[in-house]
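Please read them with the structure open beside you.

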Amino acid sequence: MKFQILKEIAVLKEGKNGWRKELNLVSWNGKEPKYDIRWWPPNKSDIGKGLTLMPDELFQLGEVIPMLSRDLHIIHQI
């Protein structure tokens, strides 16, 4: 799988092993770039688990997130 990170947007979390969960704009296999939330090693030589979003999906998510309660995870624990 070929990838090209066109724009590094944000680091969301850094793990103890140096891998970072990042939001980037990525082109996969030379196709149209998509927003990507994924774990990356420091040298970007490998690909971790992640989620790819089309621009409209990311912007819709951006509208929903401010409406969420910060303690939502506590409310929904079983």
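This is a predicted model: local features need pLDDT of at least 70, side-chain atom pairs count only at pLDDT 80 or more; totals for chains, interfaces and linings use all residues.

The points below take up strand pairing and then the aromatic rings.

1. Strand β2 (residues 20–28) and strand β3 (residues 34–40) pair in the antiparallel sense over seven bridges, with Arg-20 standing opposite Trp-40 in β3.

2. The hairpin formed by β2 and β3 has five residues between the strands, and in this hairpin Asn-29 takes a positive phi near 55°.

3. On β3 there is a further pairing to note, for β3 and strand β4 (residues 50–53) pair in the antiparallel sense over four bridges, and Asp-36 stands opposite Thr-52 in β4.

4. Turning to the rings, the structure holds four aromatic pairs. In one of them, the centres of the Phe-3 and Trp-28 rings are 5.8 Å apart and the planes meet at 50°, so the pair is tilted. Because Phe-3 lies in strand β1 (residues 3–14) and Trp-28 in strand β2, this pair ties together parts that are 25 residues apart in sequence.

5. Phe-3 counts as partly exposed at 28% relative accessibility, whereas Trp-28, at 12%, counts as buried. The rings of Phe-3 and Trp-40 also form a tilted pair, because their centres are 5.0 Å apart and their planes lie at 55°. With Phe-3 in strand β1 and Trp-40 in strand β3, the parts so tied together are 37 residues apart in sequence.

6. Trp-40 is buried, its relative accessible area being 0%. Taken together, ring pairs link Phe-3, Trp-28 and Trp-40 into a cluster.

Notes:
Residues are numbered from 1 along each chain as its sequence is written. Side-chain values use heavy atoms; hydrogens and water are left out. Two strands pair if DSSP finds at least two bridges between them. Helices (H or I, at least four residues) and strands (E, at least two) are DSSP runs, numbered from the N terminus. Rings of Phe, Tyr and Trp (its six-membered ring) pair if their centres lie within 6.5 Å; planes under 30 degrees apart count as stacked, over 60 as edge-to-face and the rest as tilted. Buried means under 20% relative accessible area, exposed over 50%, partly exposed in between (1.4 Å probe, protein chains only).
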